Amino acid sequence: TILPGQLSIITGLPGSGKSSFCDQIMHNLAKNEDWKFAVASFENPIPIHVAKLSELYIGKPFFDGPTERMTYEESQEARAWVNDHFLFLDQKDGEITTIESSTFENEHQGINVMLTRLLSFARAHDVHIFFVAHPAKMQTGPDGSTGVPKGMNISGSAAFFAKADLGWTVHIEQGVVQLHVWKCRFKWVGKIGMCELDYDLPTGRYKEKSFDFD
């Protein structure tokens, strides 16, 4: 359950799909509940991000590929829907983008203050904030496998675990997408655990995993 006034921290190894999963959640809330979003995603150029959200909305790829791409009419329908539900925060002047310019004695203190401000903003304005954070470098086992990064593994500070209302990790294990919930502050929202998901590469859609039984 996603509630206004809360802060979600999403992490995962590079390339695990944490940003794509966040897009899926935003798409679902926008389409089913008419939520609106302001997006600051400087790793994704805005036109590419619009194309990704359009693929989620239409269920077809935006670009040419092995499957049928969306028509021009479908792309215009998706563009109008994205324009009605998403505002993109851009960085064009070359300056470093910060919540507020402040000087702190150490990284942990700065992150703690930043997350406190975000959480206060979410509660004051009745919005939900999704914060995607990279983990510190994880150790690799003898078989080449990497552990599942969680709140205490996020680079910079243990405050990511302490301040989160919801904590998620998107992880890929032997080609299977796993969603790990490592923090849930309120029991009526959800619970700690893991589920597996199917991922459709052409459209970027996640869905509940289907199983074949004899």
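Guide: The turns below treat salt bridges and then strand pairing. Please keep in mind that this is a predicted model.

Visitor: How many salt bridges does a search of the whole structure find?

Guide: The general idea is that side chains of opposite charge can pair when their charged atoms come close. In this structure, a search of the whole model finds 8 salt bridges. One of them joins the side chains of Lys-60 and Glu-74, at 3.2 Å from N to O.

Visitor: Which parts does the pair of Lys-60 and Glu-74 tie together?

Guide: Lys-60 is located in the loop between α2 (46-58) and α3 (72-85), while Glu-74 belongs to helix α3, so the pair links parts that are 14 residues apart in sequence. Lys-60 itself is partly exposed, its relative accessible area being 21%.

Visitor: Where do Arg-123 and Asp-165 lie?

Guide: The side chains of Arg-123 and Asp-165 meet in a salt bridge of 3.6 Å, N to O. Arg-123 is in helix α4 (residues 107-125) and Asp-165 is in the loop between α5 (159-163) and β5 (166-173), so this pair ties together parts that are 42 residues apart in sequence.

Visitor: Is Asp-165 buried or exposed?

Guide: A residue is called buried when its relative accessible area is under 20%. Asp-165 has 1% relative accessibility and therefore counts as buried, whereas Arg-123, at 48%, counts as partly exposed.

Visitor: What is the accessibility of Arg-69 and of its partner?

Guide: Arg-69 forms a salt bridge with Asp-64, with 3.5 Å from N to O. Arg-69 is partly exposed, with a relative accessible area of 34%, and Asp-64 counts as exposed at 65% relative accessibility.

Visitor: Which residues are linked in a network of salt bridges?

Guide: Such a network links Asp-34, Lys-36 and Asp-84.

Visitor: Let us turn to the strands. In which sense do β6 and β7 pair?

Guide: As a general point, in a regular strand the side chains alternate between the two faces of the sheet. Here, strand β6 (residues 176-184) pairs with strand β7 (residues 193-200) in the antiparallel sense, over 5 bridges. Gln-178 stands opposite Glu-196 in β7.

Visitor: How many residues are between β7 and β8 in their hairpin?

Guide: The hairpin formed by β7 and β8 has 4 residues between the strands, and Gly-204 in the turn has a positive phi of about 75°. The pairing of β7 with strand β8 (residues 205-208) is antiparallel, over 4 bridges. Within this pairing, Asp-198 stands opposite Lys-207 in β8.

Technical notes: Residues numbered from 1 in each chain as written. Predicted model: local features only at pLDDT ≥ 70, side-chain atom pairs only at ≥ 80, totals over all residues. Heavy atoms only, no water. Salt bridge = Lys/Arg side-chain N within 4 Å of Asp/Glu carboxyl O. Helix = DSSP H or I, 4+ residues; strand = E, 2+ residues; numbered from the N terminus. Buried < 20%, exposed > 50% of the residue type's maximum accessible area, 1.4 Å probe, protein only. Pairing = 2+ DSSP bridges.
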